[in-house]
Amino acid sequence: MAHYINITDTIYDITEKFPETIGLFVANGFEQLNNPIMRSTLGKTVTLEMALSMRKLNQELFIEKLEETIKQNLPDLTSGLTPTRKEEGGDIRIEGVLPCPIRLPLLEKFEAWMASQKDSMDYKVDYNLKSANLGLDDVKERIIAADGNADALSDLYLSAGFDLFFDKNLMGRYRDSDTFEDISDMKQINPDFDNDAISLKDPKNQYAIIGIVPAVIMVNTAVLGDRPFPESWADLMKPEFENSVSMPMKDLDMFNAFLLHIHRYYGDEGIKKMGKALLRSMHPAQMVKSHISKDGNKVPAVTISPYFFASMADEKSPLRPVWPKDGAIISPIFLLASIKNREKVKPFVDFLYSKEIGEILSSNGKFPSTNPLVDNHLKPDQKFMWLGWDYIHSHDIGELIKTTEQLFYQAAEKEVL
């Protein structure tokens with residue numbers, strides 16, 4: 001439900017009252033709103049409803065993003081939380097995004113921990129920790145603006161996904177310059193992620209992973225018909241599932257991780273087959289209600305979803321979560337720490353790697369933790385599909401994301417358009 005804006009508000013009223021929303025409008029195709037004259041003239045005659053209709057944007061999801069942007073610039077009067085952004089020219093800077101379902105409990109712990117450090121921390125800290133659904137555009141802009149100057153980067157980055165950290169136009173350009181280091185000092189991570197089948201600990205000791213976002217399969221048994229029940233990613237590549245699968249394509253962290261892993265294990269053909277399987281893009285929150293869709297769109301037989309949302313499906317509904325036999329696809333929650341202010345950054349790394357944070361990740365959000373003291377309550381058959389560090393270090397991941405996207409969209413063209 002909207003709290004700060006209404007669908008009937010004019011663009012002028014929204015951007016005047018909440019100027020922090022201008023960037024979100026611009027990022028979604030309303031470039032003219034960068035011009036204050038356009039905002040005060042055309043903006044007075046166009047309502048939010050009209051604007052979203054013109055751009056064919058999902059009203060519910062866009063308003064949710066607007067509300068989140070506004071909320072991040074206001075104190076939370078009910079919980080006593082300060083804003084999630086603090087920019088005062090601090091000695092160190094922390095930035096990134098937090099998985100939406102666990103953002104608030106994580107921020108509560110962060111704020112409480114910061115308050116407890118006031119007497120012992122003799123330096124200022126700037127931070128900007130926002131919800132993952134708002135994307136990383138502003139983070140990327142600052143990294144690009146740094147133009148190879150490591151001193152202009154933040155001291156600690158936190159985010160799921162691969163593109164930010166491995167694209168050679170972004171953080172990837174600093175991989176060979178000893179700019180970042182895993183300073184967690186954790187010799188052994190959780191055995192769920194350190195065994196004969198998988199190892200999430202970076203052998204080059206640059207990238208730390210505090211948890212993961214697993215992607216699984218959700219089957220709508222009411223739409224499946226007489227098709228065999230899919231039990232793996234490979235099953236979705238069969239001809240009977242063409243034009244039958246929805247994917248969270250706007251969740252770039254998850255979507256990119258999905259494409260990379262499919263390509264790693266099933267090659268170009270796997271990507272093409274998944275492209276042909278695409279029915280439409282769907283936000284995970286929409287997915288858990290897809291069996292009661294009344295928007296006139298064809299209901300997907302299968303949805304690819306973060307495990308958290310799949311686990312929310314009503315047991316009385318026809319939706320059935322499936323942990324793929326070839327493994328849930330991993331989108332890692334990376335923690336990238338600069339060595340330039342190691343001693344000042346170390347307490348924050350230890351906090352984010354702590355058992356307390358690990359348990360919030362694992363139990364509240366079903367994002368399994370790499371902390372060895374956390375019980376992720378995973379069953380033996382809940383295995384993972386992981387790119388592997390050798391693969392990551394021997395490939396240009398940024399370019400691979402682009403080429404796999406191109407392959408996917410070419411195969412899916414008739415469904416996407």
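Colleague: In which hand of crossing does H6 pass H13?
Modeller: H6 passes H13 in a right-handed crossing (the near helix is turned clockwise from the far one by less than a right angle). This is a predicted model, in which local features need pLDDT of at least 70, side-chain atom pairs count only at pLDDT 80 or more, and totals for chains, interfaces and linings use all residues. Residues are numbered from 1 along each chain as its sequence is written, and side-chain values use heavy atoms, with hydrogens and water left out.

Colleague: At what angle do H6 and H13 pack?
Modeller: Helix H6 (residues 103-116) and helix H13 (residues 342-352) pack at about 140 degrees, with axes 12 Å apart.

Colleague: Turning to the cores, which residues touch the most other members of the largest one?
Modeller: Phe 162, Trp 233, Met 247, Phe 348 and Phe 408 do, out of 109 residues. A nonpolar core joins buried residues (under 20% relative accessible area, 1.4 Å probe, protein chains only) through side-chain atoms within 4.5 Å. Apart from that core lies another, of 16 residues, among them Ile 11 and Phe 30.

Conventions
Axes fitted to C-alpha atoms, helices over the stretch in contact; angles between N-to-C directions. Helix = DSSP H or I, 4+ residues; strand = E, 2+ residues; numbered from the N terminus. Buried < 20%, exposed > 50% of the residue type's maximum accessible area, 1.4 Å probe, protein only.
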